Amino acid sequence: MWQLISGIFPYAILYTIPLLITALGGLFSERSGVVNIGLEGLMVMGMFSSAFTIIQLQSVVPNLALWIGLLAGMAAGMLFSLLHAFASINLSANQVISGTAINMMAGAITLFLARNITGSGNIRIQRGFTPNEVPVLSDIPILGKLFFTNAYVTTLVILLILVLSSFVLYKTPFGLRLRACGENPQAAEAAGINVRRMRYIGVLISGAFAALGGAVIIVTYSGEFNGSAAGLGFLALAALIFGQWRPFGVLGATFFFGFASTVANVSQVIPELKVIPPVILQTFPYVVTLIALIMFSKSSQAPRAAGEPFDSGKR
Amino acid sequence: MKNAVVSLLAVLFGLIAGALLMAVTGSNPVTGYTYLFEGGLKSIERIGNTLATATPLIFTGLSVAFAFRTGLFNIGASGQMLFGGFCATFVGLTLDLPKAILVPIVVVVGFVAGALWAFLPGLLKAKFNVHEVVSTIMLNWTAYWVVYNVVPAYLKGSYETESRPLPVNAQLRMGWLSDLFGGSYINLGIFLGVLAVIAIAYIIDRTTLGYEMKAVGFNRHAAEFAGMAVGRNIVLAMVISGGLAGLGGVAQYMGNAINIQIGHLPNQGFDGIAVALLGANNPYGVLLAAVFFGLLYSGRGYMNAMVGIPPEISDTIIAIIIYFAATSILIERLISRLLRKRREKRDANAESGGA
C-alpha cells in the first residue's frame with residue numbers, strides 16, 4: 001500500500017499543479033466580481049505561447065528558454081484576458097458568453113497559427129524540466145519522501161505563489177479591496193475604491209495564472225502543444241467551487257481531483273485498483289462538485305456580486 | 001430590426017477579422033473567402049453538405065435560444081447533444097427493426113436522453129437555486145467520460161476510439177435524398193430541424209406554456225405571485241432545451257456521421273451559443289444563423305485543399321463573431337453615435353438654411 005501511494009504521489013502532484021494555479025487565477029477574477037469560464041482558453045493560450053517561445057529559444061539559450069517560455073505564456077494570457085475584462089467590465093457584457101468566446105477563440109486561433117508554423121498543428125519542445133530532489137526538505141520523514149524527492153521546480157514556484165496569494169488576499173489592503181469589489185461593489189466604491197480598476201487587475205491575474213497553468217503542462221509532463229487543454233480549465237473551475245473560493249480550499253480540491261485523475265489513469269495497470277471502474281474516478285470531480293453545490297446552496301461562500309456587471313448607480 | 005443590424009455587423013466584423021488573420025499569415029483573403037464559399041456552394045452536393053453541417057447547429061442553436069428566452073443559460077448543450085446522440089446510437093446498434101420504425105424510435109430516444117441530461121440542472125435550479133451554468137458544465141464532462149468508457153466497452157468498432165458503424169436501418173440518411181443532392185450526406189435531420197424551428201416558434205409565441213416559461217424567466221418572483229408554478233416551468237424549459245440538443249446529437253452521429261467517436265465534446269454545443277446570439281434568440285433567426293455557420297464549416301476543407309489556409313479559420317471567425325455579439329452594446333453605441341451626429345448635422349444645416 002505504501003509503495004503504491006508513494007508511486008502514485010509524484011504523478012498526482014504533477015497533475016494537481018496546473019489545476020491549482022489555474023483555479024487560483026479563477027479565484028482572483030471571481031473574488032473581484034468577474035466570473036471567468038474562459039480559463040480553459042487562457043490555458044490553451046499559455047500552452048501555445050510558451051511552446052512557441054521555447055522552440056524559438058531552445059537552441060539559442062537552452063537553460064533560460066523554459067523560464068522565458070513560462071513568462072511569455074503568462075504575458076500572452078494577460079493580453080488575451082484583456083478581451084474578457086473589456087467586455088465584462090467596460091461593456092457590461094454577459095460574462096459567461098464572453099468567457100465562452102474566449103474559450104472558442106483561444107482554441108481556434110492558436111491551432112490556426114500552429115498549423116501555419118508546423119503544418120500538423122502540434123508544437124513539440126525539445127526537452128522540459130526534469131524532476132529533482134529538493135535538498136533539506138526531502139529529509140523530512142514521510143512527507144519529504146512523498147513531496148520532495150521527485151519534485152519539479154515549477155511545483156515549488158507555484159506553491160510559493162499559492163502562499164503569496166493567500167497572504168495578499170487576506171493580509172493586505174489590496175486583497176481586502178479586491179474582495180470587497182466582489183462582495184459589494186457599490187459599498188467598495190463609496191469607500192473610494194476604483195471598482196473597475198480592481199476588476200481589471202483580478203481578470204488580468206486570472207489570465208496570467210491560467211496561462212501559467214497551461215505553460216507548466218508543456219514544460220513538465222506533456223512537452224507538446226496540440227490545441228487543447230482537455231477540459232482542465234473546466235476542472236479548475238469545479239475545484240474553485242469545491243474549494244469554496246478560498247486559496248487553501250482550492251489547494252485541497254485540486255489535489256483531491258488530481259489524485260482521483262491519476263488513480264483513474266493508472267487504475268487499469270495496477271491490480272489493487274482494477275476493481276474500480278475508471279468511469280467512476282473520471283466523473284468523480286464533477287459529481288462531487290454537483291453534490292457540493294447542493295450542500296452549500298444555503299451557505300455558499302461565492303462572491304456575492306460575481307457575474308453581475310457593475311452599475312455604480314445601483315443600490 | 002435593430003437586432004438584425006447588430007447581428008449583421010457582428011458577422012461583418014468577424015469576417016474582417018478573419019481576412020486580417022489570413023493576410024497576416026500570408027494568404028490572400030479574397031481568394032481565401034472565394035474558395036471558402038465555393039467549397040460550400042459550388043455544386044448541388046456541396047449545398048447538401050452545407051445544409052447537413054448546419055443541421056446539428058439548428059438544434060443546438062434552438063436549444064440555447066429557447067433556454068435564453070426562458071431566462072436560462074444552457075451552456076450544457078454540448079453534453080446533452082453527446083448524451084442524446086450516444087443513447088440513440090446505442091439503441092440503433094442494439095435493435096434490429098425496419099427503418100420506418102427504428103428511425104422514429106432513435107429520434108425519440110435522442111430527445112428523451114438529451115432532456116434527461118438537462119432535467120437534473122433544471123431540478124437543481126428549481127429546488128436548490130444552483131446556477132445552471134455551473135451544473136451544466138459539470139454534466140458536460142460527466143457525459144464526456146461516460147461516453148468515453150461505454151463506447152469502447154460495449155459498442156467498439158474497428159478502432160478503440162469509435163463505435164461500430166450504424167446499420168442502414170438506424171441511419172437518418174435516405175437513398176433518394178442523397179441521390180437528389182448528388183451523393184451528399186444530407187439526411188432527414190434537416191427536415192426535423194425545420195419542424196423544430198416552427199414548433200419552438202409556436203410554443204414560445206402562441207401558447208400559455210411558452211408565455212409562462214418566459215414570464216418565469218423575466219421575473220421569477222412576479223411569476224410566482226401571479227400564481228405560476230415557477231419550479232415546474234424552470235424544469236420544463238430545461239427539459240425542452242436539452243431535448244433539442246439531444247436531437248442535434250441524433251442528427252450529427254446518426255445522419256452526418258454514421259458512428260460516434262469518443263474523446264470530443266461536440267463543438268456544436270458551444271457554437272449553438274453563437275447561433276442563438278446571432279439569431280437574436282428568434283427561432284427563424286437561429287435557422288439563418290445555423291445555415292451561415294454551416295456554410296463556413298462545410299467550405300473550409302475545400303479552401304484548405306486549394307490554398308492551404310488552415311481550416312481553423314472558420315472556428316476563429318465564429319468565435320470572433322460570438323465575441324462581437326456579446327459586446328453588441330459597443331455596436332449599438334456606435335450606431336446611436338452615428339445617428340446623433342447625422343441628426344446634429346441636419347439640424348445645423350436646417351438652421352443655416354433658415355438664416
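**View 1. Surroundings of A:Leu240 in the predicted model.** Leaving aside neighbours within four places in sequence, A:Leu240 is in contact with A:Ala23, A:Gly26, A:Leu27, A:Glu30, A:Trp245 and A:Val250, two residues being in contact if their C-beta atoms, placed from the backbone, lie within 7 Å. A:Leu240 is part of helix H10 (residues 232-242) of chain A; helices (H or I, at least four residues) and strands (E, at least two) are DSSP runs, numbered from the N terminus. With 29 C-beta neighbours inside 10 Å, A:Leu240 counts as buried, a residue being buried if 20 or more other C-beta atoms lie within 10 Å of its own, exposed if 12 or fewer, and partly exposed in between. The C-alpha atoms of A:Leu240 and A:Leu64, which are 176 residues apart along the chain, are separated by 32 Å. This is a predicted model, in which local features need pLDDT of at least 70 and side-chain atom pairs count only at pLDDT 80 or more, while totals for chains, interfaces and linings use all residues. Residues are numbered from 1 along each chain as its sequence is written, and chains are lettered from A and ligands numbered from 1 in the order in which they are written.

**View 2. Packing of H11 and H12 in chain A.** Helix H11 (residues 247-266) of chain A and helix H12 (residues 278-295) of chain A pack at an angle of about 160°, with their axes 9 Å apart; axes are lines fitted to C-alpha atoms, for helices over the stretch in contact, and angles run from 0 to 180 degrees between N-to-C directions. H11(A) is therefore roughly antiparallel to H12(A), angles under 35 degrees counting as roughly parallel, over 145 as roughly antiparallel, 65 to 115 as roughly perpendicular and the rest as oblique. The crossing of this pair, H11(A) and H12(A), is left-handed, the term used if the near helix is turned anticlockwise from the far one by less than a right angle, with right-handed used if clockwise. On H11(A), the residues A:Phe257, A:Ala260, A:Val263 and A:Ala264 meet A:Pro278, A:Leu281, A:Gln282, A:Phe284 and A:Pro285 of H12(A). By class, the contact of H11(A) with H12(A) has 8 nonpolar, 1 polar and no charged residues, where Ala, Val, Leu, Ile, Met, Phe, Trp, Tyr, Cys and Pro count as nonpolar, Asp, Glu, Lys and Arg as charged, and the others, Gly among them, as polar.

**View 3. Packing of H5 and H6 in chain B.** The axes of helix H5 (residues 99-128) of chain B and helix H6 (residues 132-154) of chain B come within 9 Å and cross at roughly 150°, and H5(B) and H6(B) are therefore roughly antiparallel to each other. H5(B) passes H6(B) in a right-handed crossing. Contributing to the contact from H5(B) are B:Trp117, B:Leu120, B:Pro121, B:Leu124 and B:Lys125, and from H6(B) B:Glu132, B:Ser135, B:Thr136, B:Leu139 and B:Ala143. The contact of H5(B) with H6(B) divides by class into 6 nonpolar, 2 polar and 2 charged residues.

**View 4. The loop between H12 and H13 of chain B.** B:Ala280 has a positive phi of about 50° although it is not a glycine, and B:Asn281, also not a glycine, has a positive phi of about 60°. B:Ala280 is placed in the loop between H12 and helix H13 (283-298) of chain B, and B:Asn281 lies in the loop between H12 and H13 of chain B. With 19 C-beta neighbours inside 10 Å, B:Ala280 counts as partly exposed; B:Asn281 is partly exposed, with 19 other C-beta atoms within 10 Å.
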